[in-house]
Amino acid sequence: MLFTSAKFIAFLIALVFLYYLVPKKAQWPLLLIGSYAFYYFADTSGMYLIFIITTTISAYFAGIMMNKVNDKSSAYLKANKETLSKEDKKAYKAKMKSKKWAILLVCLIFNIGILSVTKYTNFVINNINTFLSDASKLQPIAMIVPMGISFYTFQTCGYIIDVYRGKHDAQRNPFKLALFVSFFPQLVQGPISRYSDMEASLYKEHKLNESDISEGLTRILWGYFKKLVVADRIITAVTTLISDTAYSGTYVFVAMLFYAFELYCDFTGGIDITIGIARILGITLKENFNLPYFSKNIKEYWNRWHITMGTWFTDYIFYPISVSGPMLKLSKWSREHLGQNIGKRVSVYLSSLIVWFTTGLWHGAAWNFIVWGLMNFVVIMISQELEPLYAKFHGKFKVKDKAWYGVFEIVRTIFLMSMIRMFDCYRDVPLTFKMVGTMFTRVNLKIFVDGSLLNLGITKADYIILVVAFIIILSVSTIKYNRGFVFNKDKYLLRYSLLAVLFVLIIVFGAYGVGYDSTQFIYNQF
Amino acid sequence: MDALIEILTNLHPEVDFDTCETLVDDKIIDSFDIVSIISEVNEEYDVVIPAEEIIPENFNSAKALYALIKKLEDEE
C-alpha cells in the first residue's frame with residue numbers, strides 16, 4: 001500500500017476518524033491494529049507480520065528480563081545497604097551488569113541475525129560465486145525481505161540497548177511495545193525513533209485538536225507536493241540518463257543534479273508525510289532533516305540529513321567502539337609510538353571507518369553502497385585534516401562572513417555529496433567511476449540549448465513545473481533557514497489558504513494517473 | 001580540573017572552557033572531539049567513560065565532565 005495510493009489515503013482517513021471516535025483508552029490499541037493491517041496489506045502472505053512479531057517478542061522478553069535484573073539488584077542493594085562493603089557492592093553490580101549484557105547480546109545477535117540473513121545472504125552467495133567455477137556456483141536463495149526491516153530492527157535494537165544502559169525501563173505491556181516497533185507511518189522509510197522520544201505521546205489519550213490536524217495536514221500535503229509533483233516526475237529523466245551509458249559527459253552532470261533533486265524530494269517528502277500523519281494522531285516524531293542542502297561542509301550535511309540514522313550510528317556503534325577497551329589501548333599505543341598528532345586520530349578514524357562501512361552496508365547488500373559509505377568516510381577524513389588549512393585561509397582572507405562565500409560552500413557541499421551519491425544511481429562501482437569521470441572529460445554544454453534534454457522522457461511542460469517547484473521549495477527552505485519557521489502558526493487564514501493551494505497544486509500538477517507509474521519511496525528499499 | 005581544562009583547550013584553544021556550558025548543544029565539540037577527550041581522560045585519570053555516559057549533559061561543560069570523572073573514580 002503506497003503512501004501515494006488512493007487505498008492508503010482511504011485507509012488513513014478511516015483510521016483517523018475511528019481514532020477520534022473510539023474511547024480514548026482504545027486509541028493506541030487501534031493504532032496497533034491499524035499498523036498490523038498496514039503491514040499485512042504490504043504482504044498478504046502474512047510473512048512480514050511474522051518477522052515483525054518475532055522481533056517484538058524477542059525485544060519484549062529481553063527487556064522484561066533486564067527489568068527483573070534491575071529490580072532484583074536494587075532490592076538486594078537496598079536490603080544490604082549497611083552490611084555490604086564498597087567492594088562487595090561493586091562486585092555485585094558488575095555481576096548484575098554482566099547478566100544484563102548477556103541478555104542484550106542474545107537479543108541483538110538474534111535480531112541483527114534475522115536482518116543479516118534476510119538482507120545479505122544472496123550478497124554473500126554472489127561474492128563467493130566470483131571465486132567459484134561456473135559448475136560449482138551456488139544458487140541464490142529466494143529470500144523474503146520484509147518491508148522496512150532495516151528501520152524497525154534498528155529502532156528495536158536502540159530500544160533494547162537503552163534498556164540495558166538504564167536510559168528507560170522496559171515496556172511491560174507487550175502490545176504497547178508492538179506498537180512502538182510497528183507504528184505504521186514509520187514502516188516505509190523511518191525515521192528511526194527512540195523509545196524515550198515517542199513514549200510520552202504514543203500511548204497518551206489524544207483529544208481532537210485543531211492545530212494537530214491542520215499542521216499535520218499541511219505537512220502531509222507538503223510531502224505529497226515534493227513526492228508527486230517533483231520526485232515522481234523527474235524520476236523518468238533520471239532513469240533514462242542512468243540506464244544508458246551513451247548518456248555520458250555533461251549528461252552525467254545533469255543526472256547528478258536531477259537525482260539530487262529527486263532524492264531530496266522523495267525522502268524528505270516521505271518523512272514529511274510520516275511526521276504529518278503522526279502529528280494528526282497527536283504523536284510527536286523526531287525530525288529527520290534540517291535543511292541538508294544548506295550545509296557548508298560534509299560533517300554539517302550529515303548532521304542535517306537522515307538525522308535519526310546518523311545519531312543511531314553515533315550512539316550505538318561509533319561511541320561503543322571508540323571507548324571500548326581495545327580501542328582505548330590502541331589509542332594509547334598509537335600516541336606513544338606515533339606521536340600525539342597522529343596517535344589521537346587513529347582510534348577516531350578507525351571507529352569512523354567501521355561506522356561508514358556499516359552505514360553503507362545498511363543501505364543495501366551491494367558493493368556500490370559499501371563504496372558509497374567508504375567515500376563518505378574518505379571525504380570526511382580529508383575535510384577534517386584540512387580544517388587547520390581552512391582556518392588559516394579564512395583568517396587571512398576574511399571571507400567566512402561573506403554571503404557569496406557561504407553560497408560557494410553550500411554549492412561545493414551539494415556537488416560533492418551528489419557526486420558520491422552516483423554510486424546509488426549506477427549501482428556498479430567501476431561504471432560509476434567511469435561515468436563520473438566522463439563528466440570532467442567530455443564536457444558538452446550544447447545539450448542545454450539543442451533540445452537534447454527534451455528527449456529524456458519529460459516534456460517542456462514538465463521542465464516548467466519542475467523549475468517552478470524548485471523555486472517554491474528553495475524559497476520555503478530559505479525562509480526557514482533565515483528565521484527558523486516558515487509562517488506564523490497563529491495566522492489561520494494563511495495556514496488554510498496554503499493548505500488549499502498545496503491541495504490544488506498536487507491535484508493539478510502531481511505525477512499520477514494515466515501515463516505515470518506510482519513509485520515506492522527510494523528509501524523503502526533500504 | 002586543571003588537567004581536564006588543558007586537555008580541552010588543546011583541542012579547541014578558542015573556547016573558554018571555564019565558562020562555556022553548551023559545548024554539545026552549540027556543536028562546539030563534535031563526536032570526534034568527544035572520543036579524543038575520552039581517550040585522553042582515560043590516560044590522565046585512568047577512568048573509562050562508558051558509552052552510556054556519553055550524553056550532552058555530561059559533555060556540555062568542563063564542570064559537568066569533571067563531575068562525571070569524579071563519579072566514575074568513586075565507583076571504581
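## Helices, domains and chains in a predicted model

Reader: Let's start with chain B: is the crossing of α1(B) and α2(B) left-handed or right-handed?

Author: The crossing of α1(B) and α2(B) is right-handed, where a crossing counts as left-handed if the near helix is turned anticlockwise from the far one by less than a right angle, and as right-handed if clockwise. Before we go on, please keep in mind that this is a predicted model, in which local features need pLDDT of at least 70 and side-chain atom pairs count only at pLDDT 80 or more, while totals for chains, interfaces and linings use all residues. Residues are numbered from 1 along each chain as its sequence is written, and chains are lettered from A and ligands numbered from 1 in the order in which they are written.

Reader: OK, and at what angle do the axes of those two helices of chain B cross?

Author: The axes of α1 (residues 2-11) and α2 (residues 31-45) of chain B cross at roughly 145° and come within 10 Å. Axes here are lines fitted to C-alpha atoms, for helices over the stretch in contact, and angles run from 0 to 180 degrees between N-to-C directions. The helices themselves are DSSP runs (H or I, at least four residues; strands are E, at least two), numbered from the N terminus.

Reader: Which residues meet where α1(B) and α2(B) come together?

Author: From α1(B) there are B:Ala3, B:Ile7, B:Leu8 and B:Leu11, and they meet B:Asp33, B:Ser36, B:Ile37, B:Glu40, B:Val41 and B:Glu44 of α2(B). Two residues are in contact if their C-beta atoms, placed from the backbone, lie within 7 Å. By class, the residues of this contact of α1(B) with α2(B) are six nonpolar, one polar and three charged, where Ala, Val, Leu, Ile, Met, Phe, Trp, Tyr, Cys and Pro count as nonpolar, Asp, Glu, Lys and Arg as charged, and the others, Gly among them, as polar.

Reader: Switching to both chains, how many residues of chain A are in contact with chain B?

Author: There are 17 residues of chain A in contact with 15 residues of chain B. On the chain A side, the elements giving two or more residues are α12 (307-322), α13 (325-338) and α14 (340-363), and α12(A) gives the most, with five residues. That side of chain A has six nonpolar, seven polar and four charged residues.

Reader: What domains is chain A divided into?

Author: Chain A is divided into domain 1 (6-208), domain 2 (209-285 + 427-526) and domain 3 (292-420), with bounds that come from an automatic or database domain assignment. The centres of domain 2 and domain 3 of chain A, taken over C-alpha atoms, are separated by 27 Å, and 12 residues of domain 2 are in contact with 11 residues of domain 3. On the domain 2 side, α10 (250-280), α18 (429-441) and α19 (460-483) of chain A each supply at least two residues, and the largest share, four residues, comes from α10(A).

Reader: And in helix α8 of chain A, which residues are buried?

Author: In α8 (residues 195-202) of chain A, the buried ones are A:Tyr195, A:Met198 and A:Leu202. Because they cover an arc of only 75° around the axis, they are on the same side of α8(A), the arc being that of the directions from the helix axis to the C-beta atoms. A residue is buried if 20 or more other C-beta atoms lie within 10 Å of its own, exposed if 12 or fewer, and partly exposed in between, with C-beta atoms placed from the backbone. The cover over the buried residues of α8(A) includes α2 (27-42), α5 (149-165) and α6 (174-182) of chain A.

Reader: Why does A:Ser196 count as exposed?

Author: A:Ser196 is exposed because it has 12 other C-beta atoms within 10 Å. Together with A:Ala200, A:Ser196 is on the face of α8(A) turned away from the buried side. Leaving out residues up to four places away in sequence, A:Ser196 touches A:Asp162, A:Lys167 and A:His168.

Reader: Where is the cis peptide bond?

Author: The cis peptide bond joins A:Gly190 and A:Pro191, with omega of about 5°, and A:Pro191 lies in the loop between α7 (184-187) and α8 of chain A. Most residues other than glycine have a negative phi, and most peptide bonds are trans.

Reader: What is phi of A:Leu291, then?

Author: Phi of A:Leu291 is near 45°, a positive value in a residue other than glycine, and A:Leu291 is found in the loop between α10 and α11 (298-304) of chain A.
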